[in-house]
Amino acid sequence: MIWNGPVRIEAGALREVAPYLREQGYRRVALAVDERTYEVAGARLEQEIGETGIRTTTVKIEPDRQGDVIADEASLVQLLLALRQNTEEAVVAVGSGTLHDIARFSAYAVGIPFVSVPTAPSVDGFNSVGAPVILRGEKKTIGAIGPSALFADLDILTKAPAELIAAGFGDMLGKSTSLFDWKYGSLAGGEPFSEEVYERTERALRLCVAHSEEIGRRTPLGVETLMRALVESGFAMLQFGQSHPASGAEHHLSHYWEMELLRRGRKQVLHGAKVGIACAIVSDLYRRLAEEKPALFPEQHRQALTAAIARIPGGEEIRKLLALAGGPTLPEQLGLDRELTERSLREAHRVRPNRRTLLSAYNERTE
């Protein structure tokens with residue numbers, strides 16, 4: 001996919017949203033928000049867009065019984081009905097990853113574009129085409145659309161809650177293992193691969209790691225660096241056309257944990273927080289497998305793959321980076337018990353059965 005729309009990552013970027021919508025000739029647009037993001041940016045956008053003469057409909061996505069806004073059937077239907085009933089011409093997603101997933105899928109379903117307005121640098125999916133949604137309690141990633149434009153206002157992002165910024169760093173740090181899994185899937189499973197996209201994602205990861213302390217202190221440079229890295233990771237996925245560069249076994253663990261929390265009726269945990277912790281767990285496992293299970297690595301690629309594992313930061317190093325960025329480091333800090341963690345290592349590969357990872361190869365060999 002080729003990106004043609006504007007990308008603004010700068011102080012005051014929110015001011016550019018209304019003029020952009022007017023230039024596109026829209027007459028009716030919807031704002032997808034929740035209570036928090038409406039206060040942070042939605043109310044101001046509502047006023048500024050309205051002043052251009054564009055009719056706005058603000059849709060506040062309702063939380064579930066646990067108080068979480070999640071991308072499930074109820075949220076999707078809520079926004080879809082509003083878009084249909086008001087014959088909207090575009091959707092503006094104002095929030096973090098979940099609101100973007102709801103807006104992305106809903107816009108795709110009714111055949112209209114959506115505009116991205118992140119309110120926290122919390123995930124790398126703002127400008128991707130995949131919409132991870134919960135259907136009948138199961139996490140499914142559905143191909144949808146990317147935004148036609150992205151406006152990330154650093155004045156807003158630097159004031160985002162510390163846990164959301166740390167979650168964005170955790171999502172980026174997850175590329176440490178997702179990039180390996182992508183290479184493994186290519187060499188051991190014949191999956192498509194792009195060296196150019198691999199290097200693009202790796203550069204974004206390295207940039208984040210180099211600024212981990214500033215990200216933890218939420219300095220303007222640290223937050224801008226994180227946001228640019230997250231967007232760059234999204235562009236890498238767009239360029240490749242799939243999520244391989246940014247999603248491997250660490251994401252499968254995260255999704256598994258999310259579904260289990262839903263089944264237990266528990267409050268949800270930030271996606272990036274789960275991914276960062278899962279990355280450390282996967283790193284430890286992969287390093288052990290490289291030493292103890294050489295048969296998991298095709299002989300003709302064994303040397304290249306074991307060398308790639310050696311380049312993954314060890315679990316302890318990953319945990320130190322997570323702590324430096326102000327995030328949690330252990331499953332127990334997220335309320336995830338040992339039994340769940342161990343079970344997820346045996347079963348999480350089934351979340352994406354069509355994706356070849358070292359975790360899936362290990363479990364298939366032991367089943």
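**Exercise 1.** State whether Phe297 is buried or exposed.

*Solution.* The relative accessible area of Phe297 is 0%. Buried means under 20%, exposed over 50%, and partly exposed in between, with a 1.4 Å probe and protein chains only. Phe297 is therefore buried.

The model is predicted: local features need pLDDT of at least 70, side-chain atom pairs count only at pLDDT 80 or more, and totals for chains, interfaces and linings use all residues. Residues are numbered from 1 along each chain as its sequence is written, and side-chain values use heavy atoms, leaving out hydrogens and water.

**Exercise 2.** Classify the aromatic pair of Phe180 and Tyr184.

*Solution.* Step one: rings of Phe, Tyr and Trp (its six-membered ring) pair if their centres lie within 6.5 Å; planes under 30 degrees apart count as stacked, over 60 as edge-to-face and the rest as tilted. Step two: the structure holds 8 aromatic pairs. In one of them, Phe180 and Tyr184 are 6.2 Å apart centre to centre with 35° between the planes, a tilted pair. Step three: both residues lie in helix H7 (residues 175-189), 4 residues apart; helices are DSSP runs of H or I with at least four residues, numbered from the N terminus.

**Exercise 3.** Classify the aromatic pair of Tyr184 and Phe297, and state which parts the pair ties together.

*Solution.* The centres are 6.2 Å apart and the planes stand at 90°, so the pair of Tyr184 and Phe297 is edge-to-face. Tyr184 lies in helix H7 and Phe297 in the loop between helix H12 (271-292) and helix H13 (302-311), so the pair ties together parts 113 residues apart in sequence. Tyr184 is buried, with a relative accessible area of 1%. Phe180, Tyr184, Tyr286 and Phe297 form one aromatic cluster.

Methods: Helices (H or I, at least four residues) and strands (E, at least two) are DSSP runs, numbered from the N terminus.
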